[in-house]
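The sequence and structure come first.

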Amino acid sequence: MVTTRFRTVASTALAVSVLLITASMALSQSPTTSSSNSRTIASGQKMKVKGVVVRRDADTFIIRDANGVDTTVRLSDTTSVKSNGGFLRSGTNYAQTNILRGLNLEVEGRGGSSGELLADKVRFSENDMRVARSVESRAAPLEERASNTETKLSQVEENAQRLSGQLDELAAVANTAKGGAKAAQETAEAAVAGVNETNERISALDDYVPQTTTAVNFKVNSAALTPDAKAKLDEIATRALNTKGYVIEVAGYTDSTGGIQKNRILSQNRADAVIRYLVENHQIPLRRVVTPYGYGKTNPVADNTTREGREQNRRVEIKLLVNKGLTQPAPSIKTTGAE
């Protein structure tokens, strides 16, 4: 009877693992990157393309037009990225990191040697940018969680198989040893606890917890990184690259001086400067970064009526978030000898 209970627990663990692995594979599939048509542009050919960004990499992105044709666009240091200007206004300059999946834009450039479009100008509306930011802030963490879940569930399946073998061995020992019934019962309870711990870890794979939080400060009306700020970013980048299942959250702020719109733009530029430094100097993948956002003069951490307080409020906050399921200890089974 004890052996039957052991086998039931092991089968339950394996069934849970298989179901969650299947769900993870379904989540990790990305419908935005599949296309039956792909455009090849002749080298040097001038072209203007309108569409929606369906994939974003470090130096390239893919834009899909209204006919479902995909075009690979390559960015360079000379690429102009701006919003469309209104009457008698020029658009706002944006960092290339603001080109997000879901952004409706227009690209103008020439064909490259590999058939891609070498972008000279990228233009979009402010409304489309706000929509794309909202979509990306939700999609990027979910994709990261799905990838981490798939990897972790493979490990859970292996652990469940090992647990199954251990339970069979323990059942045989319990049946042949004097007083084996009591020892088997205790082992069974430990096995159930181990399976419960495994289930808890699986449930925690959708949750992220802050591991490190730091802030870098800026001079008045400046988005340039100081040597002290770069040193702090070097430290958090080193921690991130040595951590599994991490994402980085970046939020920019200003002090209370200046207008609302000016402060929003300045705080966004500060957040973009931090992201650019992490990507260019430490090769932090963009998929690991939650979309940077400028909050302007909101959420002050100090009194804006003093010079020292304003210095503290001119900041960018960087949070290193780690998957909660990976920080919990692996489940173990404690065995007891027969009495």
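The side chains of glutamate 280 and arginine 276 form a salt bridge, with 2.5 Å from N to O. The model is predicted, and a search through the whole of this structure returns eleven salt bridges.

**Salt bridges within helices**

- Glutamate 280 and arginine 276 are four residues apart in helix H5 (residues 260–282), so about one helical turn separates them.
- Glutamate 280 is partly exposed, because its relative accessibility of 48% lies between the limits of 20% and 50%.
- Arginine 276 is also partly exposed, at 33% relative accessibility.
- Arginine 307 pairs with glutamate 311 in a salt bridge whose closest N and O atoms are 3.7 Å apart.
- These two residues belong to helix H6 (residues 307–313), where a spacing of four residues puts about one helical turn between arginine 307 and glutamate 311.
- Arginine 307 is exposed, with a relative accessible area of 61%, whereas glutamate 311 is partly exposed at 34%.
- Aspartate 228 forms a salt bridge with lysine 232, and the closest N and O atoms are 4.0 Å apart.
- Both aspartate 228 and lysine 232 sit in helix H4 (residues 227–241), four residues or about one turn of the helix from each other.
- Lysine 232 has a relative accessible area of 29% and is partly exposed.
- Side chains of opposite charge can pair when their charged atoms come close.

**Nonpolar cores**

- The largest nonpolar core has 21 residues, and those touching the most other members are Val216, Leu233, Ile248, Val274, Leu278, Ile284 and Ile318.
- At least two residues of this core come from each of H4, strand S9 (246–252), H5 and strand S11 (315–323).
- Isoleucine 248 contacts Ala240, Leu278, Ile284, Arg288, Val289, Val290, Ile318, Lys319 and Leu320, with neighbours within four places in sequence left aside.

**Helix H4**

- Ala229, Leu233, Ile236, Ala237 and Ala240 are buried in H4.
- Viewed down the axis of H4, the buried residues fall within an arc of 105°, so they line one face of the helix.
- Pro227 and Asp228, on the other side of H4, are exposed.
- The cover over the buried residues of H4 includes S8, S9, H5 and S11.

**Glutamine 211**

- Glutamine 211 is part of strand S8 (residues 208–217).
- Its relative accessible area is 46%, so glutamine 211 counts as partly exposed.
- Not counting residues up to four places away in sequence, glutamine 211 touches Thr243, Leu320, Leu321 and Val322.
- Glutamine 211 and threonine 243 are 32 residues apart along the chain, and their C-alpha atoms are separated by 9.9 Å.

Notes:
Residues numbered from 1 in each chain as written. Predicted model: local features only at pLDDT ≥ 70, side-chain atom pairs only at ≥ 80, totals over all residues. Heavy atoms only, no water. Buried < 20%, exposed > 50% of the residue type's maximum accessible area, 1.4 Å probe, protein only. Core = buried A, V, L, I, M, F, W, Y, C linked by side-chain atoms within 4.5 Å. Contact = heavy atoms within 4.5 Å. Arc of directions from axis to C-beta.
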